[in-house]
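Here is a quick tour of a protein model for someone who likes to know the cut-offs behind each term. Have the viewer open as you read.

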Amino acid sequence: MSNSRPEPAWRVLLGYVRPHRRSLAAGALLSLATGATGLALPLVAQDLIASLSEDRAISGALLLMSALVVTNAAVGALGSYVLQRTAESVVLTARRSLTSSLLRLRISAVDATEPGDLLSRATSDTTLLRAMTTQSLVGLGTGGLTLLGTLVMMGLVDLVLLGVTVGVIALASAVLGVIVPMINRASRRAQESVGQMGAALERVLGALRTVKASGAERRERDAVHAAAEESWRQSVRAAKWQALAGNVAGLSMQIAFITVLAVGGARVATDAIDVGALVAFLLYVFYLMAPIQEVVGAITQYQVGAAAIGRIQEVDALPGEPDHSAAPLPAADEEPAAIAFEDVRFQYTPELPYVHHGVTFTVPPRGMTAFVGPSGAGKTTVFSLIERFYDPTDGRVLLDGKDVADWDIAELRAAIGYVEQDAPVLSGTLRENLLFGAPDTAEEALADVLVTTRLDALVARLPEGLDTVVGHRGTKLSGGERQRVAIARALLRRPRLLLLDEATSQLDAVNEAALRDAVTAAARETTVLVVAHRLSTVTSAERIVVMDAGRVLAVGTHSELVSGNPLYAELAATQFLSAVE
Ligand SMILES: Nc1ncnc2c1ncn2[C@@H]1O[C@H](COP(=O)(O)OP(=O)(O)OP(=O)(O)O)[C@@H](O)[C@H]1O
């Protein structure tokens, strides 16, 4: 998704681990302590046996052994709990950071991604950091330390045999160097397929009615299955390479054992070392096995985690908006906003054609301005540029005479109430939806807006009134109700500028009158821009901006334009403004 060189995975992981470094160190120390108490047991056992043979009392040794066993179990349990807890905290840190990035993403970045895939990065990829923390970080630390310690001890016994052992380890490392990137690649592909599965599922669940009505269940199911199977294939491939890596490590130790035996035997024969030294060295080779397996496990697990970190980094590299929290909403006595477009040219992406070819218009504070024009003329895009969902390629968008690019983005958006064309309603209660943009609204203000948008009757009818759950995407409301909820939500922000993208669908007379009345009432108090699809809306507008193919053709009142602008006359004649093209 981005071409910039990403940070190495270990540095990202350390970034996530940093806040929890103390508990991680404590966990690792506890693990080491568990090992040490374990190692002390044989010594005490030896003492116990010696006491038995010498007819000494063994109660002290027995007590000590029992204490060691209990301590070992307790420290072991505590250590593994602390480590797991730290690993979960690392996952939480990564999830927090990633979800903050997701909510800051620019709309243009979201346009280029699949929500289901983004979701999988926040849920599934971050989960892989758990094993990465416990196995890679801790494994590399404890295993690495033991490995180093054993090698030092080997060096003390015989440097030549150490050279032989290190040679075998180097050879095995070269083989691992080939295998390890394969693990990374396969894990990466496996996670990408999980992302594709998320995207495919989101596509189906987001339009389940259409999928069912189109009889497309099997096709869509096959697409989801294909992604799941690909993830399986790649995970199995990663498992194969992981198993191979583990066995290479085991095999290298066997080879080291045999080579040390042969070389050591020769050295014993030439009296370079004595038999005792050879036996001691062979014991060390045997001891080397566990830490080497641990280090190799750490490296392979690191590859799986690194693949996940790569996908997390891709999201972090996407263009985001500056971090901001919502600005306070405009006070009741604030003046309505003025809007101006100055020769705005805009294309959604550099590859796509221009959507605006020099759009210029001005809207003074207060009153209703309607934007009309055939479908695809660029009307909704006008609103997107005012909200700074996108930035113009050329020209300026001014709010109160100040370029929107120079506004603090939170303050800019706090001044605006925006009703999208498809009037989204979020899952939750009706009250949550209404107060979504203005959580601190007083009950009286809410009641007033319910009356203006004629939602009061709906609330009275619902079993739990405002606390009725409206379902995912407001599925439990009718289309007209959803639109009125969206308008009420925008009005409750007491916006200095109301952007209303009228739904193209026709409403029944009651709904339409309710909406028109609410919007005309709002236009007396504030500046209202409306992308109009209904004649009733344009006739009540002070000003109508006629757009076609990314240009402003004319600005005027309904009666001026009906006689002065052929396109407008045609649009008006049909009443269904959006259907004409
Ligand atoms: N996010 C996007 N990415 C790429 N192109 C887009 C995007 N949104 C809209 N477009 C394109 O920009 C053009 C103008 O779209 P816009 O939504 O502004 O038109 P509109 O006048 O509001 O149309 P309608 O009346 O049908 O809602 C269309 O050709 C559309 O295909």
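Two strands pair if DSSP finds at least two bridges between them. Helices (H or I, at least four residues) and strands (E, at least two) are DSSP runs, numbered from the N terminus. With that in hand, strand β7 (residues 497–501) and β8 run parallel, joined by 5 bridges.

Some housekeeping before going on. This is a predicted model, where local features need pLDDT of at least 70 and side-chain atom pairs count only at pLDDT 80 or more, while totals for chains, interfaces and linings use all residues. Residues are numbered from 1 along each chain as its sequence is written.

**Overall build**

The protein chain has 19 helices and 10 strands. Its radius of gyration is 35 Å, well over the 25 Å that the globule rule gives for 581 residues, so the chain is more spread out than a compact globule. (The radius is taken over C-alpha atoms, and the rule is 2.2 Å times the number of residues to the power 0.38.) Along the principal axes, the C-alpha atoms of the protein chain fill a box of roughly 115 × 50 × 50 Å.

How much of the chain counts as buried? Of the 581 residues, 37% do. Here a residue is buried if 20 or more other C-beta atoms lie within 10 Å of its own, exposed if 12 or fewer, and partly exposed in between, with C-beta atoms placed from the backbone. As for contacts (C-beta atoms, placed from the backbone, within 7 Å), 79% of those between residues at least 6 apart in sequence join residues at least 24 apart.

**Annotated segments**

The unreviewed UniProt entry annotates "transmembrane region" over residues 24–45, 57–83, 137–156, 162–183, 243–266 and 272–290. Such positions are given in the numbering used here, feature names are shortened, and annotations may be inferred rather than shown by experiment. In the model, residues 137–156 are 100% helix and 0% strand, with the end C-alpha atoms 28 Å apart. Residues 272–290 come out at 84% helix and 0% strand, and there the end C-alpha atoms are 29 Å apart.

Strands of a sheet pair through backbone hydrogen bonds, either parallel or antiparallel. Strand β8 (residues 527–531) is largely enclosed by the rest of the structure, because 5 of its 5 residues are buried. Thr 527, Leu 529 and Val 531 are buried on one side of β8, and Val 528 and Val 530 are buried on the other.

| Strands | Sense | Bridges |
|---|---|---|
| β3 and β8 | parallel | 5 bridges |
| β3 (residues 367–372) and β9 (residues 543–548) | parallel | 4 bridges |
| β9 and β10 (residues 551–556) | antiparallel | 5 bridges |
| β1 (residues 339–346) and β4 (residues 394–399) | antiparallel | 5 bridges |

Thr 369 has Arg 543 as its bridge partner in β9, and Ile 544 stands opposite Gly 556 in β10. The hairpin of β9 and β10 has 2 residues between the strands, and Ala 549 takes a positive phi near 45 degrees there.

**The other sheet**

An open sheet of 4 strands runs in the order β2-β1-β4-β5, with antiparallel pairing. Its edge strands are β2 (356–363) and β5 (402–403), each pairing on one side only. Phe 341 has Val 397 as its bridge partner in β4.

**Around the ligand**

Which residues come nearest to the ligand? Of the 14 around it, they are Tyr 348, Ser 375, Lys 379, Thr 380 and Thr 381; being near means having a C-beta atom, placed from the backbone, within 6 Å. Helix α10 (residues 379–386) gives the most to this shell, with 3 residues.

Asp 271 is not a glycine, yet has a positive phi of about 65 degrees. Asp 271 is found in the loop between α8 (217–269) and α9 (275–317), and counts as exposed because it has 7 C-beta neighbours inside 10 Å. Arg 388, also not a glycine, has a positive phi near 60 degrees. Arg 388 lies in the loop between α10 and β4, but counts as buried, with 20 C-beta neighbours inside 10 Å.

How values were computed. Two residues are in contact if their C-beta atoms, placed from the backbone, lie within 7 Å.
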